[in-house]
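This report describes one protein model, part by part. Keep the sequence and the 3D view open while reading.

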Amino acid sequence: MSHGPEEIALAIARLRAGGLVAFPTETVYGLGADAFSVPAVRRVFEIKGRPEHNPLIVHVSGPEMGASVVSSWPREAQRLAEAFWPGPLSLVLPASSRVPREVTAGAGTVAVRAPGHPLTLALIEAFGLPLVGPSANRSGGVSPTRAEHVRAEFNEADVLVLDGGPCRGGIESTVLWLADEPWRVLRPGLVSVSAIEGVLGRPVAGPVAPGEGAPADAMTGALPGPGLMARHYAPRTPASISDRTQIAAAGADTVAIVMSPDATSGGARLIRLPTDAPGYARGLYDALRSADDLGAARLLIEWPPRGRPPAEADLWCAIYDRLGRATR
Ligand code: TXA
Ligand code: MG
């Protein structure tokens, strides 16, 4: 793991030269670039193979820098930032004119968050400017939760990787639309809808389930959120949702991700995940990548049984969202 000031100095030199630096966060690794440099931002789209109409999250050191990338910073944004930042909540607000249209995908709004990892906060503070940070994987694939996942996707000459260890959260931030009413969750994530409602003191609309997607913005073609890209977060191995009976009967051409401690299989190779939502979320993407590495013909994923503790309900929703997209 690399931590010291030398690492940060190298990363800053790379960013100042318009280069890319992958950084750890509490959710997944981000592919960082100077958010105000059009060539650097274009390079992010190019190297990820990301469609131009999918906007990027801007990572800031805190509310003050957050307010500098938006055209207005409402009281509710301040309250949410105080409650959840640094942390896994991205707020979508009208963008300041300083933010390149490449970042906002022409939609006029920008998603902003302060990431909860000391190394990356130190990086942003030392750089003094916000960083774009999509997940550090090729578009449509599984987000990286370890430095080695990033290294497996990109060449070190193209992307300098800051190794901050495995990500604690394991799935992406909650994306909350605050640009106009109704406020709504565009992507469920590690911050629960009920926790957001608790801070705002009013309800917000929930996320759209995969496949249910609302139409893209008719004027700009921009997507209001990732909920529209049904196939996303997907492993290379054809994957489907399954149950213990099917997994028990599967053959040696199959790999299965299971969570029931007593799940068994005659032939399939099993990858086990914990039964609690935080543990499951933390291990999920690593499990999907391990499944790909085994080169099996198909991947079966045991659908987490219902009847989980109510306190974990929102996090299971975010997990179901990712499982739904991984298996489309
Ligand atoms: O946890 C995370 O959010 C990670 C870490 C690195 O911060 N980042 C991440 O970025 O997941 P990405 O690009 O893989 O996903 C961000 C999603 C995109 O799918 C995009 O559609 C949505 O957030 N988004 C970004 N800007 C938006 C905007 N202005 N309006 C609506 N949705 C936006
Ligand atoms: Mg992504």
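The sections below cover the model, its domains, the contacts between them, the ligand and the salt bridges.

## The model

This is a predicted model, in which local features need pLDDT of at least 70 and side-chain atom pairs count only at pLDDT 80 or more, while totals for chains, interfaces and linings use all residues. Residues are numbered from 1 along each chain as its sequence is written, chains are lettered from A and ligands numbered from 1 in the order in which they are written, and side-chain values use heavy atoms, with hydrogens and water left out.

## Two domains

The domain assignment gives domain 1 (5–212) and domain 2 (239–326); such bounds come from an automatic or database assignment. Between the C-alpha centres of the two domains there are 27 Å.

## Where the domains meet

In the interface, 25 residues of domain 1 are in contact with 15 residues of domain 2, contact meaning heavy atoms within 4.5 Å. The area buried between the domains is about 1500 Å², and carbon and sulfur atoms give 55% of it. Buried area is the accessible area (1.4 Å probe) that two parts lose on being put together, summed over both.

Three salt bridges are counted between domain 1 and domain 2. A salt bridge is a side-chain nitrogen of Lys or Arg within 4 Å of a carboxyl oxygen of Asp or Glu. The side chains of D286 and R146 form a salt bridge, at 3.5 Å from N to O. On the side of domain 1 that touches domain 2, α7 (147–153) and α8 (193–200) are the elements that give two or more residues. Helices here are DSSP runs (H or I, at least four residues), numbered from the N terminus.

## The ligand

How many residues surround ligand 1? There are 26, and the closest are T27, N54, H59, S173 and R187; a residue counts as near if one of its heavy atoms lies within 4 Å.

Some distances to oxygen atoms of ligand 1 can be given. An N or O atom in the side chain of T27 is 2.7 Å from one such oxygen. For a polar side-chain atom of R50 the distance is 2.9 Å, and for an N or O atom in the side chain of S135 it is 3.0 Å.

## Salt bridges in the whole structure

A search of the whole structure finds 14 salt bridges. In one between E102 and R42, the closest N and O atoms are 2.9 Å apart. This pair links distant parts of the chain: E102 belongs to helix α5 (residues 101–104) and R42 to helix α2 (residues 38–48), 60 residues apart.

Note on methods: A polar contact is a pair of N or O atoms within 3.5 Å; within protein, one must be able to donate a hydrogen and the other to accept it, and residues adjacent in sequence count only if both atoms are side-chain atoms.
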